[in-house]
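Thanks for sending this one over.

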Amino acid sequence: MGFARRGIAAADGRDPRVHERFRAWLAAGLGGPVQRWLARPAPLRRQVAALLPGVRSVIMLATDHPAAALPAPPGRGRVASFAWGDDYHRLRRRRVNTLAEWGETQLPGCRTRGVVDSAPLAEREYAWLAGLGWFGKNTMLIDPRAGSHFLLTALLTTATLPTDDPVLVDHCGTCTACLDACPTGAFVAPRVLDAARCISALSIEERGMVPAELRSGMGDWVFGCDECQRVCPWTRLAPGSAEPAFQPRDGEPTLDLVAILRLDEEGFRSRFRGSPLLRAKRAGLLRSAAIALGNLAAPQAPLAAAVVAALTASLDDASPLVRAASAWALGRWHAAGATDASTALRSRLAREPDPAVRAELGAAAST
């Protein structure tokens, strides 16, 4: 059915200490842009029977996707490798529903429920219990056979099935490559992520402006981030995927940042129809594209004229978020010596109605 690996865990086999660590993480406010989304159904995560009464077994399924991207050429932005192609939810939902139907014919009377990021289920913990990997220092589930470039799908069933053994060995050892590589310092400690500093959370889930101290760390990432996986020694075992739905659209895994800035709402929806990138919404993606263009600023940088022109045009965007990000980016180009950037900033400042955008314009013009 297209799944790469599977493991089975008992529905009641969870260690309550894992859930308590999750609750403590939330209580510390480390959820960042997804804090409220995770906290609201948190009690349901403790009891899997709330999702399927009578559940006895949880079948965890791994779906491999392409491995991490290398740095993008100047003027292009990187997308996390899981999001290069089409919406992965649809693909996995079709597969798990097919498996559920087959299982119910093999075991008449049993009931099933597939979960594809669609319910408050502790997928990563059940995948560990089912033997699909251990928790790495970057918080990812790492399979000793395949690294961490895979997506998790769960099939709950009322059938009692033979279970697999969890991976009890910490194969990370003394390695800290993932912790050291994070451009924004998002790891509070090994296996503790501050999502408010995570590029993936900021570029996909954050609906406001990225904090000023984190913008340069975003580099050329515009949707997601693969840095902590890219440097992991276990990534060398990642099998990748030939699944057409995961392959880069138009054969290119990176995005033309200037072209992205020119998209109106209709153009954005048309360009990314059926893509995971719709999750960021137009304003969020254009904000990240503007920040990436700001991080490109340097004396004698290639594409300077085209980039400054695109950012200048975006100062008139209907979205205050896009205007604010463009102002910050132009400030970077202004600091790098682009005189037309400073002219654009002063011109917009004289007529900008939004106080937050005015603050960004003023700060950018003074750099």
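1. A word on charges to begin with: Lys and Arg count as positive here and Asp and Glu as negative, while His and the chain ends are left out. On that basis the protein chain carries 44 positive and 36 negative side chains. The centres of the two sets lie 3 Å apart. Please keep in mind throughout that this is a predicted model.

2. Now the overall build. The protein chain holds 16 helices and 11 strands. Its C-alpha trace spans about 70 × 40 × 40 Å along the principal axes. For 367 residues, a compact globule would have a radius of gyration near 21 Å, and the 22 Å of the protein chain agrees with that.

3. Next, burial and surface. Of the 367 residues, 53% count as buried. The accessible surface of the protein chain comes to about 16300 Å², and carbon and sulfur atoms make up 55% of it. Among contacts with a separation of 6 or more, 74% are between residues 24 or more positions apart.

4. Which residues touch the most other members of the largest nonpolar core? They are Leu 311 and Trp 333, in a core of 59 residues. Helix H14 (residues 320–335) gives the most to this core, with 8 residues. There is also a second, separate core of 24 residues, which includes Ala 9, Tyr 126, Leu 129 and Ala 154. As background, nonpolar side chains in soluble globular proteins tend to be buried together.

5. Trp 333 deserves a look of its own. Leaving aside residues up to four places away in sequence, Trp 333 touches a list of residues that includes Leu 293, Leu 296, Val 307, Val 308 and Leu 311. Several alanines are on that list too, among them Ala 297, Ala 301, Ala 338 and Ala 341.

6. Tyr 88 is found in helix H4 (residues 88–106). Tyr 88 counts as buried because its relative accessibility is 12%, under the 20% cut-off. Beyond residues up to four places away in sequence, Tyr 88 touches Phe 82, Asp 117, Leu 151, Phe 246 and Pro 276.

7. Is Glu 360 buried or exposed? At 16% relative accessibility, Glu 360 counts as buried. Glu 360 sits in helix H16 (residues 355–365). With residues up to four places away in sequence set aside, Glu 360 touches Met 209, Arg 215, Ala 324, Ala 327 and Trp 328.

How values were computed. Residues numbered from 1 in each chain as written. Predicted model: local features only at pLDDT ≥ 70, side-chain atom pairs only at ≥ 80, totals over all residues. Heavy atoms only, no water. Helix = DSSP H or I, 4+ residues; strand = E, 2+ residues; numbered from the N terminus. Buried < 20%, exposed > 50% of the residue type's maximum accessible area, 1.4 Å probe, protein only. Contact = heavy atoms within 4.5 Å. Rg over C-alpha atoms; globule rule 2.2 N^0.38 Å. Areas by Shrake-Rupley, 256 points an atom, 1.4 Å probe, with all protein chains shown as cover. Charge placed at Lys NZ, Arg CZ, Asp CG, Glu CD. Core = buried A, V, L, I, M, F, W, Y, C linked by side-chain atoms within 4.5 Å.
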